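The following report describes one protein chain for a reader who works with computed models.

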Amino acid sequence: VQTFPACKVTAVDTTAAGDSFTAAFAVARSWGESDADAIAFGNRVSGIVVTRPGAQTSVPTMEEVAGLR
């Protein structure tokens, strides 16, 4: 069994966390990333999303996600 650490954040609103993770995972796989790298990317995206209120307004830019590597 393989595990993947979540980003340590203070959650404000979990709305859109799952949708954002799934979308980020799919995007990373479409770039040719491995499942593990796509999961890590999804974790970074959803980690940012939960720190902001709302759904669409909480989705980060690529620059913000890249800053969490």
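## A nonpolar surface patch

Patches are made of residues with over 30% relative accessible area and no salt bridge, where like charges are joined within 9 Å and nonpolar side chains (Val, Leu, Ile, Met, Phe, Trp, Tyr) within 5 Å. The accessible areas come from the Shrake-Rupley method with a 1.4 Å probe, and for residues only the protein chains shown count as cover. A salt bridge, in turn, is a side-chain nitrogen of Lys or Arg within 4 Å of a carboxyl oxygen of Asp or Glu. On these terms, Val27, Trp31 and Met62 make a nonpolar surface patch of about 300 Å².

The model is a predicted one, in which local features need pLDDT of at least 70 and side-chain atom pairs count only at pLDDT 80 or more, while totals for chains, interfaces and linings use all residues. Residues are numbered from 1 along each chain as its sequence is written, and side-chain values use heavy atoms, with hydrogens and water left out.

Val27 belongs to helix α1, which spans residues 17-30; helices (H or I, at least four residues) and strands (E, at least two) are DSSP runs, numbered from the N terminus. With a relative accessible area of 35%, Val27 is partly exposed, a class that lies between buried (under 20% relative accessible area) and exposed (over 50%), again with a 1.4 Å probe and protein chains only. Ala26 is likewise placed in helix α1 and is partly exposed, with a relative accessible area of 44%. Between Ala26 and Val59, which are 33 residues apart in sequence, the C-alpha to C-alpha distance is 15 Å.

## Overall fold and dimensions

The chain has three helices and zero strands, and its elements run α-α-α from the N terminus on. Its radius of gyration is 11 Å, close to the 11 Å that the globule rule gives for 69 residues, so the chain is as compact as a globular protein of that length. Here the radius of gyration is taken over C-alpha atoms, and the globule rule is 2.2 Å times the number of residues to the power 0.38. Taken along the principal axes, the C-alpha atoms fill a box of roughly 30 × 25 × 20 Å.

The accessible surface of the chain comes to about 4,500 Å², and 57% of this belongs to carbon and sulfur atoms. Of the 69 residues, 29% count as buried. Where contact means heavy atoms within 4.5 Å, 58% of the contacts between residues at least 6 apart in sequence join residues at least 24 apart.

## The nonpolar core

A nonpolar core is a set of buried Ala, Val, Leu, Ile, Met, Phe, Trp, Tyr and Cys residues joined through side-chain atoms within 4.5 Å. The largest such core has nine residues, namely Ala16, Ala24, Ala28, Ala38, Phe41, Val45, Ile48, Val49 and Val65. The elements that give two or more residues to this core are α1 and α2, and the largest share, five residues, comes from α2.

Val45, found in helix α2 (residues 35-49), is buried at a relative accessible area of 7%. Leaving aside neighbours within four places in sequence, Val45 is in contact with Ser20, Ala24, Pro60 and Val65, while Ala24, under the same exclusion, is in contact with Phe41, Gly42 and Val45. The C-alpha atoms of Val45 and Gly67, 22 residues apart along the chain, are separated by 11 Å.

Ala16, another member of the core, lies in the segment before α1 and is buried, with a relative accessible area of 18%. Most residues other than glycine have a negative phi. Phi of Ala16, however, is near 80°, a positive value in a residue other than glycine.

## Salt bridges

The structure holds two salt bridges. In one of them the side chains of Asp35 and Arg29 meet at 3.0 Å, N to O; Asp35 counts as partly exposed at 44% relative accessibility, and Arg29 counts as partly exposed at 38%.

A salt bridge also joins the side chains of Glu64 and Arg52, at 2.4 Å, N to O. Glu64 lies in helix α3 (residues 62-66) and Arg52 in the loop between α2 and α3, so the pair ties together parts that are twelve residues apart in sequence. Glu64 is partly exposed, with a relative accessible area of 32%, and Arg52 is partly exposed as well, with a value of 23%.
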